Amino acid sequence: FVVCDGMGGMASGEVASSRTVAAIMQSFAASAASGLSVSSRLLHAINTANLDVWESGQIPENKGMGTTVVAAALDQDKLILGNVGDSRAYILQDNRCAQLTVDHSYVNELIRNGTLTIENAHLADLRGMESVITRAVGVGAEVQPDFYSVDLKPGIGVLLATDGLTRYFAEDGIASILATSTFETACAKLIHMAKQRGGQDNITCILLLALPA
């Protein structure tokens, strides 16, 4: 499962995102009989996509293109996730929502180096840097994704989403909407609410739910 968001304001962001989705899906499927672990296959798939976008970005009209990615793959009773940029994964359980991935963003770099704290980050004057990401697929010949694992028990959900959705919802807001939605209508309702709150960016999300065996 893959969600990508081409870098806003950059050349050919839609090309970068579509190529990344295709390359990850193709590479991951092609490695099914390799004997490698799911996490190794997902890492290889993201690296393959990065190199594809990087090489395509050498064409003048695509120069500088890049994309975020958050991807998830089943590994028996686990879900393995990888992310680059600020597209996120949330874990959903017992009507609660918690962000699983960590954004590769300017804000988080300031938190990591101690300039800001999580508590006061929303008060900082970031001078238009709020949406700047510090890692992306395709902007360099190499990329460093982060990886996470979720134990899949019946009723656990995982939401993959672009920042066009997540900038309009705190975790409790996502949980509230999902608690009052069916599985089939949940993503459409989240997107509708984000648009009502002023969403102008691309909005993409995938909801996964672990069912009883």
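Mentor: Helices are DSSP runs of H or I with at least four residues, numbered from the N terminus, and their axes are lines fitted to C-alpha atoms over the stretch in contact, with angles running from 0 to 180 degrees between N-to-C directions. This is a predicted model, in which local features need pLDDT of at least 70 and side-chain atom pairs count only at pLDDT 80 or more, while totals for chains, interfaces and linings use all residues. Residues are numbered from 1 along each chain as its sequence is written, and side-chain values use heavy atoms, leaving out hydrogens and water.

Trainee: At what angle do the axes of helix 1 and helix 2 cross?

Mentor: Two packed helices are described by the angle between their axes and the distance between the axes. Here helix 1 (residues 13-30) and helix 2 (residues 38-56) have axes that come within 8 Å and cross at roughly 140°.

Trainee: Which residues of helix 5 and helix 6 meet?

Mentor: Contact means heavy atoms within 4.5 Å, and by that rule I174, I177 and L178 in helix 5 meet A186, K189, L190 and M193 in helix 6. The axes of helix 5 (residues 171-179) and helix 6 (residues 186-196) come within 9 Å, crossing at roughly 130°.

Trainee: Where does the charged end of R41 sit?

Mentor: A charge sits over a ring if NZ of Lys or CZ of Arg is within 6 Å of the ring centre and within 35 degrees of the ring normal. The charged end of R41 lies over the ring of F28, 3.9 Å from its centre, and both R41 and F28 belong to the contact of helix 1 with helix 2.

Key: Helix = DSSP H or I, 4+ residues; strand = E, 2+ residues; numbered from the N terminus.
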